[in-house]
Amino acid sequence: MSSLVLPHIRKLAAYVPGEQPKIPGLIKLNTNENPYPPSPRVFRALKQAIDPRLRLYPDPASLSLRKAIAAHFHCGTENVFVGNGSDEILSLALRAFAGEKCRVIFPAPSYSLYPVLVQIQNARPLVVELGADYTFSVEKFRPNASLSFIANPNAPSGTFIHKRILARLARRLKGVLLIDEAYADFARENCATLFKTFSNVLVTRSFSKSYSLAGMRVGFALGSRALINALFKVKDSYNVDRLAQIAAEAAFRDQPYLRRNVRRIRGTRERLSKSLLAHDWEVLPSEANFVFARPPEGMRAIDVFRHFRCHKVLVRHFPGKRTGAWLRISIGTDKEIDFLLKALQSICRPGKR
């Protein structure tokens with residue numbers, strides 16, 4: 001069995017269903033969740049939706065939500081697909097655009113789900129190694145691949161590829177280019193309009209990060225009519241439940257609330273980056289709601305990870321040759337980041353190694 005899939009199978013084997021233990025005072029900065037609640041409109045909409053209609057199946061086409069998204073992006077509803085989180089859309093894209101033995105390209109280090117989904121589909125993974133500072137090269141992508149995945153901003157690095165570069169890539173590729181924009185609302189620009197120029201571009205977004213709806217599992221895709229129709233052909237009949245559709249639409253229609261939260265998170269991200277740099281950490285420029293940082297020389301990332309955990313602060317460590325020396329820290333509230341920095345000061349002083 002592929003070494004790409006085995007770690008994930010081991011995780012599943014170790015998983016025991018049931019309520020996870022609650023640790024008082026725990027600060028969770030390891031899963032890139034939004035530290036702020038959803039728009040108040042979400043709670044009002046959900047209250048109104050708890051009625052006898054719950055006995056009915058949801059709209060299989062998520063039409064009301066798709067209309068709201070289409071109006072915002074100045075396109076037709078036929079250019080919008082709604083899924084059970086953007087992860088479902090990644091899986092559907094493989095089923096729709098890449099059969100067995102088809103070439104599927106994705107960069108590394110990047111989102112760990114890509115190789116797993118490719119293996120499940122029994123497609124042929126072609127991994128493009130990113131540069132030492134996570135730089136991206138268009139020329140490394142084979143033009144004849146059936147499907148190409150690009151996370152932008154990238155995870156776990158938080159680094160960003162400019163729209164003009166991805167336009168060059170779309171022009172080069174014969175197959176479908178899926179631009180995974182789960183963190184795009186935190187970035188300086190995005191590629192949401194590229195599908196209007198390139199019929200082979202599919203852009204995916206998530207309601208989990210910027211809209212604070214990770215618990216509802218909703219994502220959407222923007223693309224040509226042909227690509228969207230292909231996704232509809234392979235999806236389950238009722239892939240997004242009724243309450244999730246209602247919550248997502250209420251959140252999406254409150255763009256001022258979204259922008260306020262994004263500004264707060266960007267501000268905290270900048271403050272955290274500067275504080276880590278002052279403690280001699282190396283910090284990659286982030287366009288997401290997290291930072292990817294390396295502790296000072298002589299200090300191992302896994303030890304810092306454990307130190308934070310002892311202080312009830314969870315951050316993310318990715319074992320591996322390229323990532324093992326780094327930690328990914330989600331942006332929390334200012335109070336949570338202050339607590340993390342206080343824990344950091346007990347092992348690392350500014351200007352000292």
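Colleague: I'm new to this one, so let's start with a pocket: how do the residues lining the second largest pocket divide into nonpolar, polar and charged?

Modeller: Keep in mind that this is a predicted model. In the lining of the second largest pocket, 5 residues are polar and 8 are charged.

Colleague: Which residues are closest to the centre of the second largest pocket?

Modeller: The second largest pocket holds about 360 Å³ of space. It has 23 lining residues, and the closest to its centre are Ala-184, Asp-185, Asn-190, Arg-205 and Leu-258.

Colleague: And which element gives the largest share of the lining of the second largest pocket?

Modeller: Two elements give two or more residues to this lining: strand S7 (201-206) and helix H10 (255-278). The largest share is 6 residues, and these come from H10.

Colleague: Which residue in S8 is the bridge partner of Arg-205?

Modeller: Strands of a sheet pair through backbone hydrogen bonds, in either a parallel or an antiparallel way. S7 and strand S8 (residues 219-222) go for the antiparallel sense, over 4 bridges. In S8, Arg-205 has as its bridge partner Phe-220.

Colleague: Why is S6 said to be largely enclosed by the rest of the structure?

Modeller: Val-176, Leu-178 and Asp-180 point one way from S6, while Leu-177 and Ile-179 point the other way. Residues on both sides are buried, and buried means under 20% relative accessible area. S6 is largely enclosed because its buried residues number 5 of 5.

Colleague: Which residue in S6 is the bridge partner of Ala-151?

Modeller: Strand S5 (residues 147-151) pairs with S6 in the parallel sense, over 5 bridges. Follow Ala-151 across to S6 and its bridge partner is Asp-180.

Colleague: Let's turn to the rings. Why does the pair Tyr-57 and Tyr-238 count as stacked?

Modeller: The count of aromatic pairs comes to 16. In the pair of Tyr-57 and Tyr-238, the ring centres lie 4.5 Å apart. Planes under 30 degrees apart count as stacked, so this pair qualifies with its planes at 5 degrees.

Colleague: How many residues apart are Tyr-57 and Tyr-238?

Modeller: Tyr-57 is in the loop between helix H2 (40-49) and helix H3 (63-72), and Tyr-238 is in the loop between helix H8 (225-234) and helix H9 (242-252). Tyr-57 is exposed at 66% relative accessibility, and Tyr-238 is partly exposed at 41%. The pair links distant parts of the chain, and the separation in residues is 181.

Colleague: What about Phe-292 and Trp-326: are they buried or exposed?

Modeller: Phe-292 and Trp-326 form a stacked pair, 5.2 Å centre to centre with 10 degrees between the planes. Phe-292 lies in strand S10 (residues 290-294) and Trp-326 in the loop between strand S12 (316-317) and strand S13 (327-330), so the pair ties together parts 34 residues apart in sequence. With relative accessible areas of 0% for Phe-292 and 7% for Trp-326, both come under the 20% cut-off, so both are buried.

Colleague: Last one: which ring does Arg-322 lie over?

Modeller: Arg-328 lies over the face of Phe-290, at 5.6 Å from the ring centre. For Arg-322 the distance to the ring centre is 5.4 Å, and the ring is that of Tyr-134.

Notes
Residues numbered from 1 in each chain as written. Predicted model: local features only at pLDDT ≥ 70, side-chain atom pairs only at ≥ 80, totals over all residues. Heavy atoms only, no water. 1 Å grid on protein atoms, 1.4 Å probe; cavity = no way out; pocket = protein on both sides within 12 Å on 5 of 7 lines; lining within 4 Å. Points joined across faces, edges and corners; volume = space filled by probe spheres on them. Nonpolar A, V, L, I, M, F, W, Y, C, P; charged D, E, K, R; others polar. Phe/Tyr/Trp six-rings, centres within 6.5 Å; stacked < 30°, edge-to-face > 60°. Buried < 20%, exposed > 50% of the residue type's maximum accessible area, 1.4 Å probe, protein only. Lys NZ or Arg CZ within 6 Å of the ring centre and 35° of its normal. Pairing = 2+ DSSP bridges.
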